Amino acid sequence: MTCGVVDAGEARGPGTAATVGSMERIRAVLVDIDGVLTVSWKALPGTASAMEQLRGAGLRIALVTNNTSRTRAAIASRLADLGFPVDAGDILTAPAATAAYLREHFPGARCLLLNSGDVRDDLTGVTLVEEGDADVVVLGGAGAEFGYEALNRVFRQLQRGARLVSMHRNLYWGTEDGLDLDTGAFLEGLEKAARIQAEVTGKPDPAFFASALAHLGVDASEALMIGDDIESDVLAAQRSGITGVLVRTGKYLPETHRAASGTPDHVLDSFADLPALLALLTAEGGGTPQR
Ligand SMILES: [Mg+2]
C-alpha cells in the first residue's frame with residue numbers, strides 16, 4: 001500500500017466483521033471538518049489540494065460537522081480563506097440539523113440553549129428563551145459557558161419536565177494544545193442526575209447521515225464518510241450503510257481505535273491520502289462488497 005494507506009484487512013481487529021463497500025460506486029464523500037481538514041482552524045498539510053482533487057474527479061462533497069461554535073456561513077468563509085473549494089451550501093452542521101429537528105418535533109417550544117459560540121443564525125424557526133421556564137433544553141458545544149450555575153439551571157429545568165436535546169454527545173475534541181472536554185462529558189452527568197435520555201441530533205444520529213445523503217442525492221452505498229472520531233463519524237456512518245474511513249489526525253488515539261465498538265472500512269494517515277485510496281480501490285475494481 002502507498003501514501004499511508006492502510007487497507008481494511010490491516011485495520012480490522014480480531015473477531016470483527018468486514019464491511020467493505022464497492023469503491024467503484026463511490027460518488028459522494030462526507031467529510032468531517034475538525035481534526036480532518038483543520039485543527040484549531042488551521043489547515044492540515046495537503047488537505048485543501050486533496051479536496052481539489054476530489055472535486056476534479058467529479059465527486060460530490062458535503063462537509064458534515066458537529067461544530068457548534070460557528071454558523072455555516074462563517075465556517076465556509078474560514079475554509080475558503082484556507083484554500084478549500086467550499087461554500088456555505090456544502091456545509092451541514094449539527095446546529096442546522098437541530099433546528100430542523102426542533103421545528104419538526106417541538107414546534108413553537110420555548111428552548112433554553114446552552115452553547116459555546118453564536119449559531120443563532122442557523123437556528124431559524126427556534127424560539128430561544130433567556131429567562132423563565134423552558135419546554136426544551138438544547139445543549140450545543142461545551143466551553144466556558146458550561147459552568148456550575150448554567151449546568152444547574154439546566155438540571156432544574158430537566159427536573160421540572162423539560163425535554164433534553166443535544167447537538168451531539170462528543171466527549172472531547174482535539175486542539176493544538178491537546179484534547180478539550182466536550183458536551184458529552186457533561187451530558188452523561190445530566191442524564192444520570194435527571195434520569196432522562198437526551199435526543200441527539202448531530203453525528204452519530206442516523207437522521208443526520210440520512211439528511212446528508214439526501215442533500216447530495218446519493219444512496220448510502222455510493223457514499224464514503226471520513227472522520228477522526230471512530231464512533232461518531234466512522235462506525236455510525238457504517239451502521240447507515242456508508243463506507244467508513246478513519247484518519248489518524250485530530251482526536252485520533254490508538255487506544256480509542258483499539259477499544260472501539262467496531263472496525264473502520266479503511267484507515268488513513270490523513271485526508272490528504274483519500275484521493276490515492278479512491279484511485280487505488282477503483283483500479284483494483286473496488287474490492288468485494290460484503291454487505
Ligand atoms: Mg472531527
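Visitor: Which residue forms a salt bridge with Lys 203, and how far apart are the closest N and O atoms?
Guide: In this predicted model, Lys 203 forms a salt bridge with Asp 32, and the closest N and O atoms of the two are 2.9 Å apart.

Visitor: Where in the chain do Lys 203 and Asp 32 sit?
Guide: The pair links distant parts of the chain, 171 residues apart. Lys 203 belongs to the loop between strand 13 (199-200) and helix 7 (206-216), while Asp 32 belongs to the loop between strand 2 (28-31) and strand 3 (38-39).

Visitor: OK, and are Lys 203 and Asp 32 buried or exposed?
Guide: Both of them are buried, and for Lys 203 the relative accessible area is 1%, which counts as buried because the cut-off is under 20%.

Visitor: What does Asp 233 meet in a salt bridge?
Guide: The side chain of Asp 233 meets that of Lys 203, at 2.8 Å from N to O.

Visitor: New topic: what about Glu 199 and Arg 163?
Guide: Their side chains also meet in a salt bridge, at 3.1 Å from N to O. Glu 199 is buried at 17% relative accessibility, whereas Arg 163 is partly exposed at 42%.

Visitor: How many salt bridges are there in the whole structure?
Guide: A search of the whole structure finds 12.

How values were computed:
Residues are numbered from 1 along each chain as its sequence is written. This is a predicted model: local features need pLDDT of at least 70, side-chain atom pairs count only at pLDDT 80 or more; totals for chains, interfaces and linings use all residues. Side-chain values use heavy atoms; hydrogens and water are left out. A salt bridge is a side-chain nitrogen of Lys or Arg within 4 Å of a carboxyl oxygen of Asp or Glu. Helices (H or I, at least four residues) and strands (E, at least two) are DSSP runs, numbered from the N terminus. Buried means under 20% relative accessible area, exposed over 50%, partly exposed in between (1.4 Å probe, protein chains only).
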